[in-house]
Amino acid sequence: MPSDTAGSWTPVALSADLPPATVIPAWTPAGAIALWRSQSGRASASSDRCPHRGMRLSHGFVRGEALSCIYHGWSYSVAGGCVRIPAHPDLAPPETIRVAVQRVEESDGIVWVAVGEPALPPPRLGDLVPVRSLTLSAEIAAIETAAGGKANADGLIQLVESPWIRLLPAAQIGGTLVHVLVELERTVADRIMASRIAEALRRRVEKRQKDAA
Ligand code: FES
């Protein structure tokens with residue numbers, strides 16, 4: 001997880017897995033978030049807790065440029081302010097009704113969410129393309145051991161047996177979300193192979209975890 005003295009960036013999802021007008025649950029070291037993309041294509045992140053009665057906003061829905069809670073339909077803007085309360089359609093919601101939001105940056109097919117106020121932008125991975133994400137029931141250190149190398153300053157782990165594949169991990173509760181990337185010039189067949197290699201690594205890591213328990 002690339003960081004500086006003011007904060008850090010978590011690679012929470014692949015851009016391709018967050019189409020317009022959708023919301024998904026995600027996680028950063030600061031807690032659970034609702035990650036959503038507006039109809040016009042802007043990616044946003046908010047706390048995964050509705051200020052009204054605490055429903056998870058990641059269970060909600062996106063209409064236009066707002067995220068709505070599934071419970072009573074309160075809607076929140078990209079900036080976090082409540083913009084609509086369906087039970088009181090003529091009421092302008094008070095500015096005090098807000099959901100906490102996090103900075104989001106999207107580059108090279110990865111959605112990054114800030115924890116704190118990082119002074120630097122997230123790393124550029126321009127010579128790599130994302131293939132897929134998968135969740136492993138293991139910590140990052142165990143994944144590094146199985147891959148044969150440590151994460152570099154950008155958070156990327158290079159597979160020693162397939163150096164054209166990189167893993168970009170993000171710690172989660174109970175495991176790790178791993179984004180699989182390959183070098184830009186790789187073929188479609190290579191990308192399929194990278195996906196299978198990552199699945200094999202997951203089986204290996206999780207078996208070791210199980211055997212060690
Ligand atoms: S709990 Fe979200 S609108 Fe009521």
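In this model an open sheet of 4 strands runs in the order β1-β2-β12-β11 with antiparallel pairing, where strands are DSSP runs (E, at least two residues) numbered from the N terminus and two strands pair if DSSP finds at least two bridges between them. Because β1 (3-4) and β11 (104-107) stand at the edges with a single partner strand each, one side of each is left without a neighbour in the sheet. The model is predicted, so local features need pLDDT of at least 70 and side-chain atom pairs count only at pLDDT 80 or more, while totals for chains, interfaces and linings use all residues. Residues are numbered from 1 along each chain as its sequence is written, and side-chain values use heavy atoms, with hydrogens and water left out.

**Domains and annotation**

- The chain is divided into domain 1 (3-116) and domain 2 (128-212), with bounds that come from an automatic or database domain assignment.
- The UniProt record, an unreviewed entry, carries the annotation "domain: Rieske" over residues 9-113; such positions are given in the numbering used here, feature names are shortened, and annotations may be inferred rather than shown by experiment.
- Over residues 9-113 the chain is 0% helix (H or I runs of at least four residues) and 45% strand, and the end C-alpha atoms of this stretch are 6 Å apart.

**Strand pairing**

- Strand β2 (residues 7-14) pairs with strand β12 (residues 110-116) in the antiparallel sense over 7 bridges, and Ala13 stands opposite Val111 in β12.
- A further open sheet of 4 strands has the order β13-β16-β15-β14, also with antiparallel pairing, and its edge strands, β13 (128-136) and β14 (157-158), each pair on one side only.
- Strand β15 (residues 165-172) and strand β16 (residues 175-183) are joined in the antiparallel sense over 8 bridges, with Gly175 in β16 as the bridge partner of Gln172.

**Interface of domain 1 and domain 2**

- The centres of the two domains, taken over C-alpha atoms, are separated by 28 Å, and the contact (heavy atoms within 4.5 Å) takes 11 residues from domain 1 and 13 residues from domain 2.
- Domain 1 and domain 2 bury about 840 Å² between them, 71% of it on carbon and sulfur atoms, buried area being the accessible area (1.4 Å probe) that two parts lose on being put together, summed over both.
- Pro11, Leu14 and Trp27 supply 60% of the area that domain 1 buries against domain 2, more than any other three residues.
- Across this interface the rule finds 0 salt bridges, a salt bridge being a side-chain nitrogen of Lys or Arg within 4 Å of a carboxyl oxygen of Asp or Glu.
- On the side of domain 1 that touches domain 2, β2 and β12 each supply at least two residues, and the largest share, 5 residues, comes from β2.
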